[in-house]
Amino acid sequence: MSNTPTAPRTESTGPESVRPVAAGSSASEGRALLVIGAALAEELYSVVDVPPRGGHAWMSHIASTVGGSAFNVLRNLVRLGHAPMAALAVGTGPAATRVTKKLDALGVRSVLPKHEQDNGTCLTLVTPDAERTFLTVGGCETDWSAQRLAGLEAPTGAVVYISGFQLVAVGGHLAEWSARLHPDARLVIDPGARCAELVQLPGWRALSDRCDLLTLNTREAAVLLGAEPGYECPKDPGTGLETGLAGWAQRHGCDVVLRRGPAGATWLPADGSGPVHAQAVPVRVVDTDGAGDAHTAGIMAALAGGVGPKAALELAAEAAAQVVARVGP
């Protein structure tokens with residue numbers, strides 16, 4: 001199976017291609033959706049391998065687009081037929097202009113005031129096995145001060161997404177805001193690559209107790225469990241991760257979705273009723289950039305519509321499959 005990215009493409013200024021991936025994903029019913037986090041300019045390049053420190057590698061340009069975990073989740077919710085609210089930091093400058101064009105194409109406006117700084121830029125390196133490595137220059141999407149959050153409110157009963165990248169922002173204001181969410185809101189957290197920092201936050205215990213659903217991959221799950229008092233790393237990582245996460249879910253009253261890539265995903269309920277598994281959708285993998293975010297969007301769409309774990313995982317798998325089958329998030 002070939003995983004090498006195909007022909008390069010450049011950023012399109014036309015409308016996003018929107019095609020719901022499953023029936024019942026319309027936004028006409030169910031909970032509101034609020035996506036909080038980052039959007040930034042993204043340049044994708046294919047490389048044979050990421051060079052070692054001091055080394056060299058040739059690259060081929062794949063695409064100029066807009067990325068960031070929150071933006072990817074937002075984009076996929078629109079593809080699923082929803083009309084989510086967005087609390088994305090959008091600034092002033094060339095990267096911000098690119099972000100604004102993409103948001104306009106999605107028919108979405110950020111509820112946060114415009115930032116005086118520009119948005120950041122991410123260099124994404126995609127290797128032949130479809131794995132990606134990120135190098136990021138931060139911008140206004142790293143500013144989650146109390147002033148920026150003043151006046152931000154989640155609609156009653158909304159499903160609220162927040163990425164770990166923003167929860168670890170200086171000052172911890174977004175983490176505090178999240179922990180104080182109204183009980184009617186459903187809080188979804190994706191720790192992402194900042195998981196090791198997130199679990200060290202002074203307010204992590206309160207935040208994890210408030211979280212309604214934690215979605216993460218196997219690498220992040222190992223970090224999460226490693227930070228739990230008394231947890232011992234199992235001899236069998238596969239079985240041990242699932243058992244450990246099941247216990248974590250019950251202790252914190254928070255459902256957990258463990259994403260296993262081509263092996264599918266597992267839902268560990270907070271009520272201890274037993275794991276639910278769904279297979280990944282078979283597809284030729286071209287680029288894994290944004291796959292986890294697409295999966296999270298499917299889970300959010302299911303939560304908004306009151307869909308059960310099995311159907312939620314299947315919807316998420318379909319959304320992720322559409323992303324990995326093409327170049328770019």
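Modeller: C254 is buried, with a relative accessible area of 0%. The model is a predicted one. C254 takes part in no disulfide, and the nearest cysteine sulfur, that of C211, lies 3.6 Å away. A disulfide needs two cysteine sulfur atoms within 2.5 Å, and a search of the whole structure finds 0 of them. C140 also counts as buried because its relative accessibility is 0%.

Next, the helix. Helix α11 covers residues 309–324, which is 16 residues. At 1.5 Å a residue it should span 22 Å, and its end C-alpha atoms are 22 Å apart, so the two values agree. Buried residues of α11 include A312, L313, L315, A316 and A317. Further along α11, A319, A320, A321, Q322, V323 and V324 are buried as well.

An open sheet is formed by 4 strands in the order β3-β2-β5-β6, with mixed pairing. β3 (59–67) and β6 (132–137) stand at the edges with a single partner strand each, so one side of each has no neighbour in the sheet. Neighbouring strands of this sheet are turned by 20° against each other on average, direction ignored. Within the sheet, β2 (residues 40–47) and β5 (residues 121–126) pair in the parallel sense over 6 bridges. S46 stands opposite V126 in β5.

Note on methods
Residues numbered from 1 in each chain as written. Predicted model: local features only at pLDDT ≥ 70, side-chain atom pairs only at ≥ 80, totals over all residues. Heavy atoms only, no water. Buried < 20%, exposed > 50% of the residue type's maximum accessible area, 1.4 Å probe, protein only. Helix = DSSP H or I, 4+ residues; strand = E, 2+ residues; numbered from the N terminus. Expected span 1.5 Å × (residues − 1). Pairing = 2+ DSSP bridges. Axes fitted to C-alpha atoms, helices over the stretch in contact; angles between N-to-C directions.
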